[in-house]
Amino acid sequence: MLTVRNLTKAIDGKTIIERISFEIHSGTITGLVGRNGVGKSTLLRLLAGILDPDQGEVLLDGVNLTQHPLIKMSMYYVPDSISMFNGYTAKELVKLHRHMYEPFDEQAFYAWLDRFQLPANRSLRSFSKGMKALLSIILALSTRAKLILLDEPTNGLDVIVKKQIMQLLIEEVSERQIALLISSHHLQELEKIADVVLMLKDTTIESVLRIDEVKMTFKKVQVAFADMGAIPLGQLADVEVLSQVGRVTTLLLKRNAAQTLELLQRLEPLLLEELPVTIEDLFISTLGGGDRYVS
Ligand SMILES: Nc1ncnc2c1ncn2[C@@H]1O[C@H](COP(=O)(O)OP(=O)(O)OP(=O)(O)O)[C@@H](O)[C@H]1O
């Protein structure tokens, strides 16, 4: 559905995105993660056609976004805040969107408005952050866009609104086979719903993690030995020390996990326990080096 080829963008002379390529298929959820300032929002804005790339192309169903700007109507970008619409009511936003998005589904919009008990005639200025977030998702889904780009959709929301938003998005992906690209710092939340996670580092995609494959390839174990000093765990091949608390070391086994587990077993540990691998483990392992705060 979406094909991104060699996308490159510099802002104020600084390269933010460099030769990024990836694909998104319909009926899937893709997560976009990376440290603060790495370029997630910039990438989403390039895909949405809000920013023009310096090089490369974005194709939606094979149609080039720059050459055929009308194709932008098949996708919808949800920014991290819709405060720019503070002066509008939900009803007025429907009118605005109906003009821009021909297939806008007004019936579905008002059904969702009822479901989440959001007022139609009150200005957004009086909405809480959670209400605004829900409204922005409802608007996005009502446009009947094939691809929805979401910039940190659950940032700063309480657990109930987060759940409502995630539930609604999952329903629409499975019922209508739309595709979602979600930028988020909430890795646990993303892990529950994403099929694929793109990890941005520096100016490019460092890893494409297919959640099913990650669970099979990587292993996480806690291990403890009577004499910790005698066993240089950090020097084992394809093994990373995630943490050490007292005698208990948590290891990420990146490859040949079965072999490494056998080796650890032969060393007669006091404790050897397998734990579920999380995207957070891989995030820290891949992007966590050094004390540098932002790029
Ligand atoms: N309009 C702009 N003018 C100057 N620099 C910009 C502009 N927009 C983005 N940048 C720079 O581009 C880089 C990437 O910013 P971006 O907002 O895309 O990162 P991000 O990964 O979304 O960050 P966060 O996770 O903190 O939201 C940053 O260094 C930022 O300062």
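**Close-up views of a predicted model**

**View 1. L180 and its partners from elsewhere in the chain.** Beyond its neighbours within four places in sequence, L180 contacts I29, T30, I148, L150, L169 and V173. The model shown here is predicted. L180 also belongs to the largest nonpolar core, which has 71 residues. Within that core, I137, L147, I148, L149, L180 and V197 touch the most other members. Helix 4, residues 129-142, is the element that gives the most to this core, with eight residues. Both domain 1 (2-213) and domain 2 (219-276) supply at least three residues to this core.

**View 2. The whole chain, for orientation.** The C-alpha trace spans about 70 × 45 × 35 Å along its principal axes. Nine helices and 14 strands make up the list of elements in the chain. Of the 295 residues, 32% are buried. Take the contacts between residues at least 6 apart in sequence: 71% of them join residues at least 24 apart. The chain is divided into domain 1 (2-213) and domain 2 (219-276). Between the C-alpha centres of domain 1 and domain 2 the distance is 40 Å.

View 3. An unreviewed UniProt entry lists residues 2-227 as "domain: ABC transporter".

**View 4. The shell around the ligand.** Which residues come nearest to the ligand? They are N36, G37, K40, S41 and T42, out of twelve residues around the ligand. Helix 1 (residues 40-47) gives the most to this shell, with three residues. By type, the shell holds seven polar residues, three nonpolar and two charged.

View 5. E152 sits in the loop between strand 7 (147-151) and helix 5 (159-176). Its phi is near 45°, a positive value in a residue other than glycine. Most residues other than glycine have a negative phi. Is E152 buried or exposed? E152 counts as buried because it has 21 C-beta neighbours inside 10 Å, and the cut-off for buried is 20 or more.

View 6. R176 is in helix 5. R176 counts as exposed because it has 12 C-beta neighbours inside 10 Å; the cut-off for exposed is 12 or fewer. R176 and R144 are 32 residues apart in sequence, yet their C-alpha atoms are 9.2 Å apart in space. Q177 lies in the loop between helix 5 and strand 8 (179-183). Q177 is not a glycine, but its phi is positive, at about 60°. With 13 other C-beta atoms within 10 Å, Q177 is partly exposed.

**View 7. Helix 3 and N121.** Helix 3 (residues 106-115) is hardly covered, with one buried residue among its ten. Just after helix 3 comes Q117, with a positive phi of about 50°. N121 is placed in the loop between helix 3 and helix 4. Why does N121 count as exposed? It does so because 8 other C-beta atoms lie within 10 Å, against a limit of 12 or fewer. N121 and R247 are 126 residues apart along the chain, and 61 Å separates their C-alpha atoms.

**View 8. F22 in strand 2.** F22 lies in strand 2, which covers residues 14-24. Leaving aside neighbours within four places in sequence, F22 contacts V4, L198, I205 and V208. F22 and V208 are 186 residues apart in sequence, with a C-alpha to C-alpha distance of 8.8 Å. F22 is partly exposed, because 17 other C-beta atoms lie within 10 Å and a buried residue needs 20 or more.

Notes:
Residues are numbered from 1 along each chain as its sequence is written. This is a predicted model: local features need pLDDT of at least 70, side-chain atom pairs count only at pLDDT 80 or more; totals for chains, interfaces and linings use all residues. UniProt positions are given in the numbering used here, feature names are shortened, and annotations may be inferred rather than shown by experiment. Helices (H or I, at least four residues) and strands (E, at least two) are DSSP runs, numbered from the N terminus. Two residues are in contact if their C-beta atoms, placed from the backbone, lie within 7 Å. A nonpolar core is a set of buried Ala, Val, Leu, Ile, Met, Phe, Trp, Tyr and Cys residues joined through C-beta atoms within 7 Å. Domain bounds come from an automatic or database domain assignment. A residue is near a molecule or strand if its C-beta atom, placed from the backbone, lies within 6 Å of it. Ala, Val, Leu, Ile, Met, Phe, Trp, Tyr, Cys and Pro count as nonpolar, Asp, Glu, Lys and Arg as charged, and the others, Gly among them, as polar.
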